[in-house]
Amino acid sequence: MTPRGKLSGQGAVPTTMKRPTFDLHAPAPGEGGACYVPAQAPETVVLPDERKPILLPEPPDELPGKGYRKGQIASWLYKKGAREWGEMTDLPRRLREALPAEWRISEFALVQALPSSDGSVKYLFTLHDGSRTEAVYLPYADRKTVCISSQVGCPAGCTFCATGKMGFGRNLTGPEILDQILAVAYHQGLAPREIRNVVLMGMGEPLLNYENVTWAVRRMLNKHALAMSPRRITLSTVGIPKGIRRLAADDLGVKLALSLHAPDDETRKKIIPTAHRYTIAEIMDAVRAYFDRTKRRVTIEYTMLRGVNDREEQARELARILKGLVAHVNLIPFNPWEGAPVAGSGKKRIQRFAAALERAGVPVTVRWSRGVDVGAACGQLALKEN
């Protein structure tokens, strides 16, 4: 086994961990970028009912082994990021040889990584049933963030979103959600606990896959697993009132981001099909209940679409419906994708919209896109592959 190559500008693989050999030259189909393929990746699709259980349970009680061996296995999985049984060198050889017969470590048959010139890395994961999902690694000076998916495709069908064009495939399981973090850490040469920020803003609507999403979040928070702070986990929703209230009642303490994208129901219905079911008033009532319960500032996600939702009077209306709520607005320049039926607002229009919010006393940030050169729009890679 030889250490894998590292992406430009990233740290080396920890010297205490040996990594499998990767093909650093095979291009991602249709992309021309780097493709990192584990040497042991299966060549055939493994049907779900033929698969062994994933070794990502709530540690240490549900882990195999006895006594302190459970803690050792948890450490290899969640602290050191082991992806092969042979890496668990302090386990007895007999146990290391027995574990593969009953358990598997990775949820992915293939991992493709496309590094962007801005330092971000887009990941396309092929699951064992042939489905594909995505994650993005976002390094910043003071933190390392991973944006992960909760579904294959998305049932919300937002017109400006590449994932919406894919339609809905299926829910990701809890381990498939959690393993995106572990796989990204592994391919970036990081220990899993070096990633301290996670955003559920990738493919899918998290609150329509509630049980599996919260399964994964609880393991992100668990002190024996990833030991993350709830303040560093953000769940983004298009606005499912019942799910928002349930999340508040479960009191996980994570941050909430609402993909609002319009200040009035008429405009919202044009771009978000779920707006025909839930009014902005219903959604905002649930969001206010979430804030009352958690005291967490709410983020309002607002994609800027030319001639649709970017007028200054719409900014003033947005400020009105946010009055009294501790919230921060993220204005998101539209990330174009092939076949998109909408266009993004120009830079000056975005700046005028932001200024109107600021005059109304609403905190606002323009979240300029990263990874545009490698298809950063959610679902863009999976859509092209499909």
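Axes here are lines fitted to C-alpha atoms, for helices over the stretch in contact, and angles run from 0 to 180 degrees between N-to-C directions. Helices (H or I, at least four residues) and strands (E, at least two) are DSSP runs, numbered from the N terminus. This is a predicted model, in which local features need pLDDT of at least 70, side-chain atom pairs count only at pLDDT 80 or more, and totals for chains, interfaces and linings use all residues. Residues are numbered from 1 along each chain as its sequence is written, and side-chain values use heavy atoms, with hydrogens and water left out.

**Helix pair.** Select 210-221 (α5) and 241-250 (α6): their axes come within 12 Å and cross at roughly 30°. Now show side chains. Tyr 210, Glu 211 and Arg 218 of α5 are in contact (heavy atoms within 4.5 Å) with Gly 243, Arg 246, Leu 247 and Asp 250 of α6. By class, the residues of this contact are two nonpolar, one polar and four charged.

**Sheet.** Next, colour the strands. Ten of them form an open sheet of mixed pairing, ordered β1-β2-β3-β4-β7-β8-β9-β10-β11-β12; two strands pair if DSSP finds at least two bridges between them. Select 108-115 (β1) and 364-366 (β12): these are the edges, each with a single partner strand, so one side of each has no neighbour in the sheet.

**Inside the sheet.** Select β9 (255-259) and β10 (298-304), which run parallel and are joined by three bridges. Leu 258 is opposite Ile 300 in β10.

Definitions and conventions:
Ala, Val, Leu, Ile, Met, Phe, Trp, Tyr, Cys and Pro count as nonpolar, Asp, Glu, Lys and Arg as charged, and the others, Gly among them, as polar.
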